[in-house]
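Subject: Structure handover

Hello,

Here is the structure I said I would pass on. My notes on what was found in it follow below.

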Amino acid sequence: MLEHIGTMQQYSKTCNTSQVGNIQDRLNHLEGQMVTQQEKAGSCLTAIEEIKCNLVDQEKLINIHKKSVSKPFQKIGSNYYYIEKNTHMNWFAAAHKCTDYGGHLLSLDNEEEWSALKPHLDFSKSFYWVDINDLAKEGQYISLTTGRPAQYIPWKPNEPNNVGGEHCARLENNKQFPLNDLRCYDMAFFICESFNK
Ligand SMILES: [Ca+2]
Ligand SMILES: [Ca+2]
């Protein structure tokens, strides 16, 4: 009997030691997993922080870009315009500027639009580029905005005369602000029109 009890005690001791060992192994394994998960979470947080920083930088750049290119378009008649009265440039550069500002060079639709604009133009700083040109074919006046024949072209008397190869139109220094064809690399102020009506 005593021998049996001793065997049982030995078995129980062996069993407990084995179970404790298993539990310890599992705990060690779980601890290892937790450390790995924590490391992963740490690296994810770092990655998220990095993305956040990049987004903030991108937003700053976008705002700087917006400030540098956006111009306050003013409503005149039924459309929105930006009239450049400080910097004059050639027709190509003016067209490019209007695109930068989110619009296009003035595309005259009718006499009503032309008349509405005139009171806002500075006679002392006249010569404003519009989008009309005959660069593709001499004498065929196309709107750069639509790529189609210009709808309304209030030419100055005796214009267009294509003197020396004039292919770009601008409003002239005349209180009526009629159109004249000029060399595209001549300098003038310009009028941008917004795409938003
Ligand atoms: Ca011409
Ligand atoms: Ca001319």
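Read along the sequence, the chain runs α-β-β-α-β-α-β-β-β-β-β, a pattern made of three helices and eight strands. Please keep in mind that this is a predicted model. Of the 197 residues in the chain, 22% are buried. Among contacts with a separation of 6 or more, 64% are between residues 24 or more positions apart.

The core

The largest nonpolar core has 29 residues, and those with the most contacts inside it are Leu 105, Tyr 128, Trp 129, Val 130 and Phe 190. At least two residues of this core come from each of strand E2 (79–89), helix H2 (91–100), helix H3 (111–117), strand E4 (128–133), strand E6 (168–171), strand E7 (179–182) and strand E8 (188–194). E8 gives the most, with five residues. Leaving aside residues up to four places away in sequence, Val 130 touches Leu 105, Leu 106, Leu 108, Ala 169, Arg 170, Leu 171, Leu 179 and Ile 191.

Helix H2

The buried residues in H2 are Trp 91, Ala 94, Ala 95, Lys 97 and Cys 98. Seen down the axis of H2, they fall within an arc of 160°, so they line one face of the helix. Their cover includes E2, E3, E4, E6 and E8. After H2 comes Gly 102, with a positive phi near 85°.

The loops

Asn 110 sits in the loop between strand E3 (103–105) and H3. Asn 110 is exposed, because it has 11 other C-beta atoms within 10 Å and the limit for exposed is 12 or fewer. Asn 110 and Ile 153 are 43 residues apart in sequence, but their C-alpha atoms are 8.3 Å apart in space.

Some backbone angles deserve a look. Most residues other than glycine have a negative phi, and most peptide bonds are trans. In the loop between E5 and E6, Asn 158 has a positive phi near 70°. Asn 158 is exposed, with 7 other C-beta atoms within 10 Å. Pro 160 is also placed in the loop between strand E5 (142–143) and E6, and a cis peptide bond with omega about 0° joins Glu 159 to Pro 160.

Phe 177 lies in the loop between E6 and E7, and its phi is positive, about 50°, although it is not a glycine. Is Phe 177 buried or exposed? Phe 177 is buried, because 20 other C-beta atoms lie within 10 Å and 20 or more is what buried requires.

Regards

Technical notes:
Residues numbered from 1 in each chain as written. Chains lettered and ligands numbered in written order. Predicted model: local features only at pLDDT ≥ 70, side-chain atom pairs only at ≥ 80, totals over all residues. Core = buried A, V, L, I, M, F, W, Y, C linked by C-beta atoms within 7 Å. Helix = DSSP H or I, 4+ residues; strand = E, 2+ residues; numbered from the N terminus. Contact = placed C-beta atoms within 7 Å. Arc of directions from axis to C-beta.
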